[in-house]
Amino acid sequence: MAVITFANTKGGAGKTTAVLLLATELARKGYRITILDADPQHWISRWHEVSGQVANISVIDFVTSASLPHHISDNKHNTDYFIIDLPGARNPMLATAIGLSDHVLIPIQGCAMDARGGAQVLELLQYLDEKAGIKIGHSVVLTRVNSMVTTRALSLVKSLLSERQVPVLDTAIIERSAFRDIFDCGGTLHTLDPARASNLEKARENALCFAEEIMRKLPVRLTAAARMTGPLIRSAA
Ligand SMILES: Nc1ncnc2c1ncn2[C@@H]1O[C@H](COP(=O)(O)OP(=O)(O)O)[C@@H](O)[C@H]1O
Ligand SMILES: [Mg+2]
């Protein structure tokens, strides 16, 4: 079981979108996912309402600092990955969620490079390490990257961050309309109508690459039950 928090104290960084992409891709691989929705905008819970049942995904709404540890202990036997979606603004939830996490993902808008909200999260992680000896794995994930940005330009941004000892995921999340469409239509990238969503194949490829990088970073063994349902989900999708 692993707990992953998406954190950036700035709204609009792409946290909720990345949460949904990761959750739906991991669920498709057969992992049991519990999303803990602490975002006051409740986008994930609304998505879940629109979608109806989605195989391997449970969503818990109205998560607070006080309830978060209980949700994790109550559901750890039926969950492979917990994914926490935090509010945009700086909030007491941030420290609680980070403290319970195996890995913190910090989405930063790749092109805008408006990294202030991400820097606040990195400062908190550094503070925990230096003052309390608590080391929590973390990585920046560049999000909403324009598809026209060249690989070279992107590598430059990544190496600038790495030089400052900030770990950065290899996979950047590209700005794709399909990533917005799943919130409107419900379901996943694999239930969207290819005739209506542009560049759907590229969006699917990007989301899969992102999820596979996280799986390598935070491997969780698939249970026998999940291995049995996994192929069924894939063929049904
Ligand atoms: N990769 C992406 N491609 C297209 N639109 C995106 C992407 N990431 C985020 N957005 C859009 O940007 C806005 C803010 O994203 P969101 O994921 O809600 O950020 P946060 O949770 O950090 O506030 C939303 O309208 C969302 O649809
Ligand atoms: Mg959000």
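This is a predicted model: local features need pLDDT of at least 70, side-chain atom pairs count only at pLDDT 80 or more; totals for chains, interfaces and linings use all residues.
Me: How many helices and strands does the protein chain have, and what does its radius of gyration say about how compact it is?
Reply: The secondary structure comes to nine helices and six strands. For 237 residues the globule rule gives 18 Å, and the chain's radius of gyration is close to that, so the chain is as compact as a globular protein of that length, at 17 Å.

Me: What does the C-alpha trace span along its principal axes, and what share of the residues is buried?
Reply: The trace spans about 50 × 45 × 30 Å along those axes. Out of the 237 residues in the protein chain, the buried share is 41%.

Me: Among contacts between residues at least 6 apart in sequence, what share joins residues at least 24 apart?
Reply: Being in contact here means having C-beta atoms within 7 Å. Take the contacts in the protein chain between residues at least 6 apart, then keep those joining residues at least 24 apart, and you get 78%.

Me: In the open sheet of six strands, which strands stand at the edges, and why is one side of each left without a neighbour?
Reply: The strand order is β3-β2-β4-β1-β5-β6, and the pairing is parallel. A strand at the edge has a single partner strand, so one of its sides has no neighbour in the sheet, and that goes for β3 (57–60) and β6 (137–143).

Me: How many bridges join strand β2 (residues 33–37) to β4, and which residue in β4 does Thr 34 stand opposite?
Reply: Strands β2 and β4 run parallel and are joined by five bridges. Thr 34 has its opposite number in β4, and that residue is Phe 82.

Me: How many bridges pair β5 with β6, and what is the bridge partner of Gln 109 in β6?
Reply: These strands also pair in the parallel sense, over seven bridges. Strand β6 is mostly covered, with five of its seven residues buried. Looking there for the bridge partner of Gln 109, you find Thr 143.

Me: Which strands does helix α1 (residues 15–28) lie across, and at what angle does α1 run to β4?
Reply: Helix α1 lies across β1, β2, β3, β4, β5 and β6. Relative to β4, the helix runs at about 165°.

Me: How many residues surround ligand 1, and which element gives the most to that shell?
Reply: The shell holds 16 residues, and the closest are Ala 13, Gly 14, Lys 15, Thr 16 and Thr 17. The elements giving two or more residues are α1 and α7 (177–185). With three residues, the one that gives the most is α1.

Me: How does that shell around ligand 1 divide by class?
Reply: Sort the residues into nonpolar, polar and charged. The shell then has three nonpolar, eight polar and five charged residues.

Me: Is Arg 144 buried or exposed?
Reply: Arg 144 lies in the loop between β6 and α6 (151–163). Its phi is positive, about 50°, although it is not a glycine. Since Arg 144 has 21 other C-beta atoms within 10 Å, it counts as buried.

Me: And Phe 62, buried or exposed?
Reply: Phe 62 is in the loop between β3 and α3, and its phi is near 55°, a positive value in a residue other than glycine. Because it has 11 C-beta neighbours inside 10 Å, Phe 62 counts as exposed.

Me: What separates the C-alpha atoms of Val 168 and His 138?
Reply: Val 168 sits in the loop between α6 and α7. Its contacts beyond four places in sequence include Ser 139, Val 140 and Leu 142. Val 168 and His 138 are 30 residues apart along the chain, yet their C-alpha atoms are separated by 8.7 Å.

Technical notes: Residues are numbered from 1 along each chain as its sequence is written. Chains are lettered from A and ligands numbered from 1 in the order in which they are written. Two strands pair if DSSP finds at least two bridges between them. Helices (H or I, at least four residues) and strands (E, at least two) are DSSP runs, numbered from the N terminus. Two residues are in contact if their C-beta atoms, placed from the backbone, lie within 7 Å. Axes are lines fitted to C-alpha atoms, for helices over the stretch in contact, and angles run from 0 to 180 degrees between N-to-C directions. The radius of gyration is taken over C-alpha atoms; the globule rule is 2.2 Å times the number of residues to the power 0.38. A residue is buried if 20 or more other C-beta atoms lie within 10 Å of its own, exposed if 12 or fewer, and partly exposed in between; C-beta atoms are placed from the backbone. A residue is near a molecule or strand if its C-beta atom, placed from the backbone, lies within 6 Å of it. Ala, Val, Leu, Ile, Met, Phe, Trp, Tyr, Cys and Pro count as nonpolar, Asp, Glu, Lys and Arg as charged, and the others, Gly among them, as polar.
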